[in-house]
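Here is a short report on one protein model. Look at the sequence and the structure first, then read on.

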Amino acid sequence: MITKRDVGKLVQDAHGRVGILRDVISDYEDPAVMPSERRPRRMAFLRPENGGREWLVSPSMVSRLEA
């Protein structure tokens, strides 16, 4: 599992997608979910190394790639 100390590092998620770790938020609530159904959870924010759409994944599903 990764932590905030890994922000800016190259990582890989459990689906094999590789990207740069942008942040780890311990109490993220998805704004697309109805307010009454939201629940805080840890979330990692990743983006492709060469740009593109950011994606979210549980930090437990992400590992840092060795440089």
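The model is predicted. Start with two side chains, those of Asp 13 and Trp 55: a polar contact of 3.0 Å joins them. Asp 13 is found in strand β1. Its relative accessible area is 5%. Buried means under 20%, so Asp 13 is buried. Leave out residues up to four places away in sequence, and Asp 13 touches Trp 55, Val 57, Met 61 and Val 62.

**The sheet**

Now place strand β1 in its setting. Strands of a sheet pair through backbone hydrogen bonds, either parallel or antiparallel. Here 5 strands form an open sheet, and the pairing is antiparallel. The order is β4-β3-β2-β1-β5. Which strands stand at the edges? They are β4 (55–57) and β5 (62–64). Each has a single partner strand, so one side of each is left without a neighbour in the sheet. On average, neighbouring strands of this sheet are turned by 40° against each other, direction ignored.

**From β1 to β2**

Strand β1 covers residues 10–13, and strand β2 covers residues 18–28. The two pair in the antiparallel sense, over 3 bridges. Val 11 stands opposite Gly 19 in β2. Gln 12 has Val 18 in β2 as its bridge partner. Together β1 and β2 form a hairpin, with 4 residues between them. Gly 16 sits in the turn and has a positive phi of about 90°.

**From β2 to β3**

How many bridges join β2 to β3? There are 6, and these two strands run antiparallel. In this pairing, Tyr 28 stands opposite Arg 41 in β3. The loop between β2 and β3 holds Pro 31.

**An aromatic pair**

A pair of aromatic rings is described by the distance of the centres and the angle of the planes. The structure holds 1 aromatic pair. Tyr 28 and Phe 45 form it, with 5.3 Å centre to centre and 85° between the planes. Planes over 60 degrees apart count as edge-to-face, and this pair is edge-to-face. Tyr 28 lies in strand β2 and Phe 45 in strand β3 (residues 41–47), so the pair ties together parts that are 17 residues apart in sequence. Are these two residues buried or exposed? Tyr 28 is buried, and Phe 45 is buried too.

**Inside or outside**

| Residue | Relative accessibility | Class |
|---|---|---|
| Asp 6 | 10% | buried |
| Asp 13 | 5% | buried |
| Pro 31 | 58% | exposed |

Why does Pro 31 count as exposed? Its relative accessibility is 58%, and exposed means over 50%. Asp 6 counts as buried because its relative accessibility is 10%. Asp 6 has its place in the segment before β1. Not counting residues up to four places away in sequence, Asp 6 touches Leu 21 and Arg 64. How far apart are Pro 31 and Asp 6 in space? They are 25 Å apart, C-alpha to C-alpha. In sequence, Pro 31 and Asp 6 are 25 residues apart.

Methods. Residues are numbered from 1 along each chain as its sequence is written. This is a predicted model: local features need pLDDT of at least 70, side-chain atom pairs count only at pLDDT 80 or more; totals for chains, interfaces and linings use all residues. Side-chain values use heavy atoms; hydrogens and water are left out. Two strands pair if DSSP finds at least two bridges between them. Axes are lines fitted to C-alpha atoms, for helices over the stretch in contact, and angles run from 0 to 180 degrees between N-to-C directions. Rings of Phe, Tyr and Trp (its six-membered ring) pair if their centres lie within 6.5 Å; planes under 30 degrees apart count as stacked, over 60 as edge-to-face and the rest as tilted. Buried means under 20% relative accessible area, exposed over 50%, partly exposed in between (1.4 Å probe, protein chains only). A polar contact is a pair of N or O atoms within 3.5 Å; within protein, one must be able to donate a hydrogen and the other to accept it, and residues adjacent in sequence count only if both atoms are side-chain atoms. Contact means heavy atoms within 4.5 Å.
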